[in-house]
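Here is a friendly briefing to read alongside the model. Keep the 3D view open and look up each residue as you meet it.

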Amino acid sequence: SKEINENWIVTGHRVDNKIYNWNMSHLVDFSQSIDTTKNSFAGEIIYKTTINNTDDFTHIDLGDVNEGITELYVNGKKVGKRWYGKAVYSIEKFLKQGDNTIEVHYTTVLANYCKSLDNPLTNVWTRRYKNLVPTGLEGPVKLLSY
């Protein structure tokens with residue numbers, strides 16, 4: 001296996017139509033961030049990076065996805081979507097030798113955003129959450145050969 005340790009360009013499309021951009025040298029749980037645009041985020045997060053492939057990898061494992069919905073694209077082509085379970089995708093037909101773009105569309109739950117609103121209605125809905133809900137790709141993202 002080979003861990004992907006590249007820079008990630010990350011774009012967040014929040015449920016209130018605000019858009020955020022981050023450059024990340026490593027993947028993190030957004031709920032643990034001191035940045036309120038991350039720890040209260042809800043919506044779609046798009047992670048993009050470019051890797052140089054010189055091996056015969058057949059799969060990619062996104063690692064810890066904190067129970068979010070993931071949709072994978074390699075070189076602009078949709079590989080698949082995972083609603084639950086391990087986010088492992090077969091990429092043999094999509095990965096080429098040389099440079100490849102990897103793009104992960106990640107859909108979050110609404111809990112952290114709702115907690116940040118301090119709205120009576122959302123306070124009732126989120127009162128059972130003592131802590132923020134882990135959100136985002138934590139990885140490690142690995143290329144695998146099966």
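The charged end of which residue sits over the ring of phenylalanine 30? That residue is lysine 38, and its charged end is 5.8 Å from the ring centre. A charge counts as sitting over a ring if NZ of Lys or CZ of Arg is within 6 Å of the ring centre and within 35 degrees of the ring normal. This is a predicted model, in which local features need pLDDT of at least 70 and side-chain atom pairs count only at pLDDT 80 or more, while totals for chains, interfaces and linings use all residues. Residues are numbered from 1 along each chain as its sequence is written, and side-chain values use heavy atoms, leaving out hydrogens and water.

**Aromatic rings**

- The structure holds six aromatic pairs; rings of Phe, Tyr and Trp (its six-membered ring) pair if their centres lie within 6.5 Å, and planes under 30 degrees apart count as stacked, over 60 as edge-to-face and the rest as tilted.
- One of them joins phenylalanine 30 and phenylalanine 41 edge-to-face, at 6.4 Å centre to centre and 75 degrees between the planes.
- This pair links distant parts of the chain, 11 residues apart: phenylalanine 30 is in the loop between β3 (19-24) and α1, and phenylalanine 41 is in the loop between α1 and β4. Helices (H or I, at least four residues) and strands (E, at least two) are DSSP runs, numbered from the N terminus.
- Both phenylalanines of this pair are buried (buried means under 20% relative accessible area, exposed over 50%, partly exposed in between, with a 1.4 Å probe and protein chains only).
- Tryptophan 125 and tyrosine 129 form a tilted pair, with 6.2 Å between centres and 55 degrees between planes. Tryptophan 125 counts as partly exposed because its relative accessibility is 45%.
- Tyr20, Trp22, Phe30 and Phe41 form one aromatic cluster.
- Elsewhere, arginine 82 has its charged end over the ring of tyrosine 89, 4.4 Å from the centre.

**Asparagine 39 and serine 40**

- Asparagine 39 lies in helix α1, and serine 40 is found in the loop between α1 (36-39) and β4 (43-53).
- Why do these two count as buried? Serine 40 is buried because its relative accessible area is 8%, and asparagine 39 because its value is 15%.
- A polar atom of the serine 40 side chain lies 2.5 Å from the backbone oxygen of threonine 36.
- A polar atom of the asparagine 39 side chain lies 2.9 Å from the backbone oxygen of serine 33.
- Not counting residues up to four places away in sequence, serine 40 touches Arg14, Asn112, Tyr113 and Ser116 (contact means heavy atoms within 4.5 Å).
- With that exclusion, asparagine 39 touches Phe30, Ser31, Ser33, Ile34, Asn112 and Leu132.

**Sheet and core**

- An open sheet of four strands has the order β1-β10-β5-β8, with antiparallel pairing (two strands pair if DSSP finds at least two bridges between them).
- Its edge strands, β1 (2-3) and β8 (88-90), each pair on one side only.
- Two bridges join β1 to β10 (residues 142-144), and glutamate 3 has lysine 142 as its bridge partner in β10.
- The largest nonpolar core has 29 residues, of which Trp8, Tyr47, Ile60, Leu72 and Ile91 touch the most other members (a nonpolar core is a set of buried Ala, Val, Leu, Ile, Met, Phe, Trp, Tyr and Cys residues joined through side-chain atoms within 4.5 Å).

Key:
A polar contact is a pair of N or O atoms within 3.5 Å; within protein, one must be able to donate a hydrogen and the other to accept it, and residues adjacent in sequence count only if both atoms are side-chain atoms.
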